[in-house]
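My entries follow in the order in which I looked things up.

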Amino acid sequence: MKLACRVNGEAVDADIPPRLLLSDFIRHELRLTGTNVGCEMGVCGACTVMVNGDPVRSCLMFAVQADGCEVETVESLSQGGELGPLQRAFHERHALQCGYCTPGFLMTLEALRRRGALPVDENGIRDAISGNICRCTGYQNIVDAVMAVAR
Amino acid sequence: MKPPAFDMVRPQTVSEALQYLAESPDSKLIAGGQSLVPVMNFRLAAPALLIDLNRVAGLAGIRCEAGVLRIGAMTRQQSLLGDPLVVRCAPLLAAALPHVGHLQTRSRGTVGGSLAHADPSAELPLVMVTLDAVITVRSRERERTVPARAFFTDAMTTDLAADEMITEVAVPAAPADARVAFRELARRHGDFAIVAAAAQRTAAGLSVAVGGLEAVPRLCRRLMADFAGDPPPRGRWPELIRAELADAAPLADLQADGDYRRHLAAVLLQDVLAEVFAP
């Protein structure tokens, strides 16, 4: 099946089977391995990317469904070697340990940041990241990093 | 953890989608895919053909007219969150929406998809039962309406025939004096509720239901009758709630056994009643 979309601003054309998940297309076909795959059942949030500006779980979408869409992955957050504001805050506040979940957190939060909808209070932030699991349990530092960007 | 091979079609109109549905016995409609894709990833479902509704025109959007809030089947859950029309016409729905999945799943997940999936713990079926919403379904041959209170027939099972799809759900608009309450307990915010309770009180009376307790949302008719006139004194509520739940057939799974679900239902019912009857 034909797929024509834009990924991180670049046009992508592919002919792929419908069963190919967007997460696998991004990782295996496009070789953008920043997007990590955790549970493949829509629970962990590690594979979160943006489709037309909305944060979505790329393991719960077939790649062909992104036809005509603008897809953004964690690779889009740094421009010319410069970290984006959320990445910088995560780096400065040690908001990652093993880092596996980080791309998913960043893409969820980036979608909110662009809408000017990053919560500024701890409860709001914890609510906003409730769809992302960090098994190093580094939530406190993640909350701190988001707060630094939001304020 | 990868779905087996299947074909996909992307109809542009409802009639085209219904045509595929009627002609392909081993097909499945895909809306937001937030329930179907995990099930396919686990190979618990392996349809030969997926009919993708994401390009069908005219199925998304809401409007409120003649005292009814009409929600198109493909309306994304996230798009309803914070919508002033929803807040005004269906405040109970507005209160429940933050509990529906997470931002990432709400961005794809649809209202019609959630109703058709009919998970016993899902919030939207519970809200539609509480509000006495009416679901419009279409097949190639006809269109019919089904009250939400008759739509859910068993866990993950609805009144939909194999060749039918949901096109719209119509929610009676709440009067300005409506008081609503929604409570649920989930292990993690946004996960499926273990048990959830919803209530709306208007001058016409009380509507209250509980989800996650039984295979389908339980409309608490007995309680509704008990609270029809002047509310009974607070001291009697536990006994009335117990009576309501006496014949419940609670679900049991690894998360919670039947006794715990019944206990939780009583607690949450008490909470929502207290909220809508607060002085």
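I began with the domains of chain A in this predicted model. Chain A is divided into domain 1, residues 2–74, and domain 2, residues 85–150. I noted that the C-alpha centres of domain 1 and domain 2 of chain A lie 21 Å apart.

I then looked up the contacts between these domains. In chain A, 14 residues of domain 1 are in contact with 12 residues of domain 2. On the domain 1 side, S3 and S4 of chain A are the elements that give two or more residues. S3(A) supplies the largest share, three residues. By class, I recorded seven nonpolar, six polar and one charged residues on this side of domain 1 of chain A.

Next I turned to the sheet. Chain A has an open sheet of five strands in the order S2-S1-S5-S3-S4, with mixed pairing. Strand S2 (10–15) and strand S4 (54–57) of chain A stand at the edges with a single partner strand each, so one side of each has no neighbour in the sheet. Neighbouring strands of the sheet are turned by 40° against each other on average, direction ignored.

I followed one pair in detail. Strand S3 (residues 48–51) of chain A pairs with S4(A) in the antiparallel sense over four bridges. Thr48(A) has Arg57(A) as its bridge partner in S4(A). Helix H3 (residues 102–114) of chain A packs on the sheet and touches S3 and S4 of chain A; the direction of H3 makes about 35° with that of S3(A).

Last, I checked the chain interface. I found 26 residues of chain B in contact with 22 residues of chain A.

How values were computed: Residues numbered from 1 in each chain as written. Chains lettered and ligands numbered in written order. Predicted model: local features only at pLDDT ≥ 70, side-chain atom pairs only at ≥ 80, totals over all residues. Contact = placed C-beta atoms within 7 Å. Pairing = 2+ DSSP bridges. Axes fitted to C-alpha atoms, helices over the stretch in contact; angles between N-to-C directions. Domains from an automatic or database assignment. Nonpolar A, V, L, I, M, F, W, Y, C, P; charged D, E, K, R; others polar.
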